[in-house]
Amino acid sequence: MSASAVHSLWTTAADPISKIDTPKIEYGQLSPTLIVVGAALVGVLIEAVVPRRSRYYAQVFTAVVALLASFAAVVALAAGGYATTKSGIAAMGAIAVDGPALFLQGTILLTALVGLFTFAERRLDPAAHGNRVDSFAAQAASVPGSDSEKAAVKAGFTTTEVFPLLMFAVAGMLIFPSANDLLTLFIALEVFSLPLYLMCALARRKRLMSQEAAVKYFLLGAFASAFTLFGIALLYGYAGSVSYGTIARVVDGTATDVSPALANTTGNNALLLIGSALIVMGLLFKVGAVPFHMWTPDVYQGAPTPVTGFMAAATKVAAFGALLRLLYVVLPGLRWDWRPVMWAVAIVTMLGGAIIAITQTDIKRLLAYSSIAHAGFILAGVIATTPDGVSSVLFYLGAYSFVTIGAFAVVTLVRDAGGEATHLSKWAGLGRRSPLVAAVFAVFLLAFAGIPLTSGFAGKFAVFKAAAEGGAAPLVVIGVISSAIAAFFYIRVIVLMFFSEPTPEGPTVAVPSPLTMTAIGVGVAVTLVLGVAPQYFLDLASQAGVFVR
């Protein structure tokens with residue numbers, strides 16, 4: 001190759017016309033997520049640098065400060081008009097900053113903060129070898145029952161890695177409902193799923209059951225992720241873009257810049273329908289809708305209870321946010337195709353969750369099937385396809401998440417020699433032994449049942465009203481029947497607690513630290529405030545109910 005030829009290569013390579021544009025990132029608008037990611041990275045460094053005895057305090061402090069700062073950033077963005085007039089697309093089209101995104105991010109951050117308090121609780125189990133212990137394995141890498149595990153317990157080790165894992169999960173959840181292209185959606189899905197798979201395996205008691213839960217969740221989650229990714233590939237093949245706005249224009253037939261090559265694929269509706277179905281399937285797996293719910297009871301039962309509470313609340317909020325954005329922003333042109341399918345999914349989810357819950361004998365499995373039924377109720381609001389539908393779903397998610405974390409926090413308090421006493425028979429007579437704890441749990445159960453003056457009633461009423469006005473009245477009738485079936489098993493637990501004789505060898509109620517008390521107190525307060533005076537929050541949700549496109 002001659003020198004002149006090489007020189008000509010250099011000059012063309014450095015040609016200013018073909019230079020790569022600098023990415024334009026709106027750091028202010030992305031600050032809630034960036035703060036949480038930064039805290040997660042600091043948490044990883046704390047594990048590497050800080051001495052073992054100080055790690056717990058450093059991690060809890062870092063996580064609490066980051067979640068509060070991130071929530072303050074969300075409030076500042078909303079106050080600055082980014083939820084309404086200034087809403088737009090940030091990070092070169094990857095992230096939407098609008099009302100639903102900010103509302104859901106705020107809900108996720110508050111839920112994570114309350115969940116964090118249950119993670120940090122260290123007074124429920126009796127001290128081991130003079131050291132306070134939490135809900136997590138002393139050394140996650142050691143085989144259950146092995147000498148290395150016993151040595152780790154004796155040395156007073158704690159798995160403080162759960163705090164950076166929690167922060168990474170929250171970061172993924174913040175991006176998930178605000179993703180504005182399919183690749184960002186998928187990356188956010190993985191970022192919040194992988195830490196959850198790990199945290200499910202970290203229970204201190206019942207280690208094997210916990211690891212089984214994590215493996216089930218991981219394998220089924222991997223399948224769901226694969227379906228989602230395949231759906232993304234098909235939609236990209238259909239529309240020639242992964243951006244929500246572009247796909248929506250191609251679906252509507254309003255796209256102006258369709259190349260001849262692309263015109264051949266956009267005529268192929270099979271790509272569009274199968275691709276959309278696969279992506280929606282991945283999201284329905286995350287919300288735990290029937291028939292993609294099989295992982296829910298086993299994982300909820302096996303995971304450490306603080307993780308179950310966080311996962312049950314925050315994952316639903318993030319996944320429903322992403323589902324709303326996908327159906328309302330990307331696929332409104334396919335409404336006549338996806339609404340009948342969603343009708344069917346909502347009906348079997350409501351009835352399936354409520355009916356199977358009646359047969360459960362474990363309190364965590366009962367709450368798991370209850371959460372499946374609630375996914376069906378929320379889907380009724382999604383099906384409404386009206387602005388009221390969006391705002392009712394946002395309100396329901398906010399109300400539901402705090403009730404859920406509060407309920408699982410109460411479950412952590414009822415203990416016997418083997419740790420948490422989750423079998424229903426152990427809860428008999430709890431109201432006589434510990435009236436306050438039983439009364440608080442009864443409040444949460446009544447909220448799940450949708451009894452008036454609780455947040456559950458306000459949420460269900462809003463969702464069913466939106467569905468009825470959106471032309472889905474038969475769905476509302478089925479929803480009310482499902483609620484009645486569900487009320488039966490919630491009331492049954494309340495009767496068991498207050499009207500049964502306590503057994504002499506029954507469980508005790510552990511006295512928690514102020515951390516768990518705060519989590520339960522916030523749950524009760526939100527449940528009652530949203531039940532008695534929901535209007536302000538309903539108005540907030542309706543103001544935040546407009547997606548940017």
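Mentor: Before we look at strands, here is the rule: two strands pair if DSSP finds at least two bridges between them. Helices (H or I, at least four residues) and strands (E, at least two) are themselves DSSP runs, numbered from the N terminus. We're looking at a predicted model, where local features need pLDDT of at least 70 and side-chain atom pairs count only at pLDDT 80 or more, while totals for chains, interfaces and linings use all residues. Residues are numbered from 1 along each chain as its sequence is written, and side-chain values use heavy atoms, with hydrogens and water left out.

Trainee: Okay, so how do you know that strand S3 and S5 pair?

Mentor: S3 (residues 414-416) and S5 share 2 bridges, in the antiparallel sense. The rule asks for at least two, so they count as paired. In that pairing, Val414 stands opposite Val509 in S5.

Trainee: And what makes S4 and S5 edge strands?

Mentor: Start with the sheet: it is open, has 3 strands in the order S4-S3-S5, and pairs antiparallel. Strand S4 (419-420) and S5 each pair on one side only, and that puts them at the edges.

Trainee: What holds strands of a sheet together in general?

Mentor: They pair through backbone hydrogen bonds, either parallel or antiparallel.

Trainee: Let's do side chains. Why is the contact between Arg415 and Glu420 called a salt bridge?

Mentor: The term needs a side-chain nitrogen of Lys or Arg within 4 Å of a carboxyl oxygen of Asp or Glu. For Arg415 and Glu420 the closest N and O atoms are 3.7 Å apart, which is within the limit, so the pair qualifies. In general, side chains of opposite charge can pair when their charged atoms come close.

Trainee: Are those two buried or exposed, and how do you know?

Mentor: Buried is under 20% relative accessible area, exposed is over 50%, and partly exposed is in between (1.4 Å probe, protein chains only). Arg415 has 8% and Glu420 has 15%, so both are buried. They also belong to a network of salt bridges that links Asp125, Arg205, Arg415 and Glu420.

Trainee: What does the salt bridge between Glu501 and Arg432 tie together?

Mentor: Their N to O distance is 2.7 Å. Glu501 lies in the loop between helix H20 (473-499) and strand S5 (508-509), and Arg432 is in helix H17 (residues 430-433), so the bridge ties parts that are 69 residues apart in sequence. As for surface, Glu501 at 57% is exposed, while Arg432 at 45% is partly exposed.

Trainee: How far apart in helix H19 are Lys465 and Glu469?

Mentor: They are 4 residues apart in H19 (residues 455-469), which means about one helical turn separates them. Lys465, at 41%, is partly exposed.

Trainee: Why is Ser483 called buried?

Mentor: Its relative accessibility is 10%, so it falls under the 20% cut-off. Ser483 is in helix H20. Leaving aside neighbours within four places in sequence, Ser483 is in contact (heavy atoms within 4.5 Å) with Phe377, Lys460 and Phe464.

Trainee: Last topic, pockets. What makes something a pocket?

Mentor: On a 1 Å grid over the protein atoms alone, a pocket is an open set of points with protein on both sides within 12 Å along at least five of seven lines, and lining residues have an atom within 4 Å of a point. The volume is the space filled by probe spheres (1.4 Å) set on those points, which are joined across faces, edges and corners. The largest pocket holds about 630 Å³. It has 24 lining residues, and the closest to its centre are Phe71, Phe103, Thr107, Phe537 and Leu540.

Trainee: Which element gives the largest share of that lining, and how does the lining divide by class?

Mentor: H4 gives the largest share, 6 residues. Ala, Val, Leu, Ile, Met, Phe, Trp, Tyr, Cys and Pro count as nonpolar, Asp, Glu, Lys and Arg as charged, and the others, Gly among them, as polar. On that basis the lining has 18 nonpolar, 6 polar and no charged residues.
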